[in-house]
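Subject: Structure handover

Hello,

Here is the structure for you to look at. My notes follow below it.

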Amino acid sequence: MASDTSKRTRALRAWMITAPVDLFAMLAPLVVSTQYWRGTIFLAGLTVVIFAAGGLYHARRHVSILDELPSLCGRLLASAAIVAIIAALRHESVDYVAGFMRMVALAAGLVIVGRVMTRSLTVFARKRRWVEHNAIIIGAGPVGVELARLLRRYPRYGLRFTGLVDTEMPTEAGAPPLLSTLDDLDKMVDMVEVDVLILADAVVPEATLMEVLRRPSCAGCDLWVVPRLWGSHAQGRLPDHIGAIPVVQARHTMLSGPRWAAKRASDIVFAVLALALLSPVLVLCAMATFLDGGRGVFFRQERIGRYGKPFQVIKFRTMRPADEHESQTNWSIAGDRRIGPIGRFMRRTSLDELPQLWNILRGDMTVVGPRPERPYFVEKFSAEHPDYAMRHRVPVGLTGLAQVSGLRGDTPISDRARFDNYYIENWSLWLDVKVLLRTIAEVFRGGGR
């Protein structure tokens, strides 16, 4: 069962300690002088962004300021150089720029001091088990057994070993018994209140392992992986280890926490701006739809969104279905003769989907995500393709990676599911921007249905 400490510290993450201290250190020179307050505030924000992009707010198992110092100094120099160039362009006075750069140097020094303090505090708190997170090790081979021994002996890694999980009983002498089998991993995660999963040397097909790790309970955990080749680590990341065993933190298999907050914020900004800028186009589309088929400009249909919850998607009507059964079960109407010239133009240019901006603002949808589908087809495809239901870890989207990759209309559902899951597991704001740019290109080419 979970310890009292692990229950109290479940919500605690590395960035909650380091980011506020970094920000405070960057703003501290304002106490000395407020002459450069604009530049100081800009420097603080820029530095935090550069640190976040460089992974300096990610959790680490082996905490050491000496490991982080080269990356820390390099990113401090980068942010200082950007601010120095801007200051030189805006102010011709050499004395002003020199004075400002002295404040920048003071702020950078305070950041390093702050990092030394937070790292020392983290190690101190971990060693006394004031901060710990429950961990399950996947794999009962030699590596898994050694990791279990290290976590029980050295609390400095901040993990409380709660058990091994594998498909077979461990063969190592003195190895702890299995907590459960791999099939029951999600149940154990909930029962033991686990925050961290460590993938060691489980002998199991990759497809089976991924199916287990994508389950909601497991997907909410931090995932650490022991590289297959010892001594290797992901390029561009700071090396990390438990004892002498290298570990790499894998990307989350679902959007949550700060990543989800950033995506939701970008959705709101995009939807508000798009609705404001495209309001004349929306009015023209509504008028054209009315002239083409009379009343009933908007078409509402039930779709399945995040976590399998239904919602009403809104579109401009391009055709009237014969009845509700046809509306829910007809896969494609691309060649239907009931679609008039205006409706066909709106579908080809995707103008019929503009009202979904309201769905995005409401939170039913996101700008970029998996295609929203009807309940009948979600049930059908989920039964035929095991990865299909995993798409609903995020809200469905106005556009998506699968759509701009040519997977529209009568294309394999398995390919769509793979593209959608790839997008979810490799999400970034820049990936959203790329999909949007490719979507705009598709609209101008008339590549819609």
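The largest cavity holds about 80 Å³ of space. A cavity here is a set of points on a 1 Å grid over the protein atoms alone where a 1.4 Å probe fits but cannot get out. Points are joined across faces, edges and corners, and a volume is the space filled by probe spheres set on the points. By this rule there are two cavities of 30 Å³ or more.

This is a predicted model: local features need pLDDT of at least 70, side-chain atom pairs count only at pLDDT 80 or more, and totals for chains, interfaces and linings use all residues. Residues are numbered from 1 along each chain as its sequence is written, and side-chain values use heavy atoms, with hydrogens and water left out.

Twelve residues line the largest cavity. Lining means having an atom within 4 Å of a point. Nearest the centre lie Arg371, Tyr388, Arg391, Arg416 and Asp420. Helix H17 (413-425) and helix H16 (401-404) each give at least two lining residues. H17 has the largest share, with three. Helices are DSSP runs (H or I, at least four residues), as are strands (E, at least two), numbered from the N terminus.

Now helix H7 (residues 185-192). Its buried residues (under 20% relative accessible area, 1.4 Å probe, protein chains only) are Leu185, Asp186, Met188, Val189 and Val192. They sit on the same side of H7, because they cover an arc of only 160 degrees around the axis. The arc is taken from the directions from the helix axis to the C-beta atoms. Glutamate 193 follows H7, with a positive phi near 60 degrees.

Best wishes

Key: 1 Å grid on protein atoms, 1.4 Å probe; cavity = no way out; pocket = protein on both sides within 12 Å on 5 of 7 lines; lining within 4 Å. Buried < 20%, exposed > 50% of the residue type's maximum accessible area, 1.4 Å probe, protein only.
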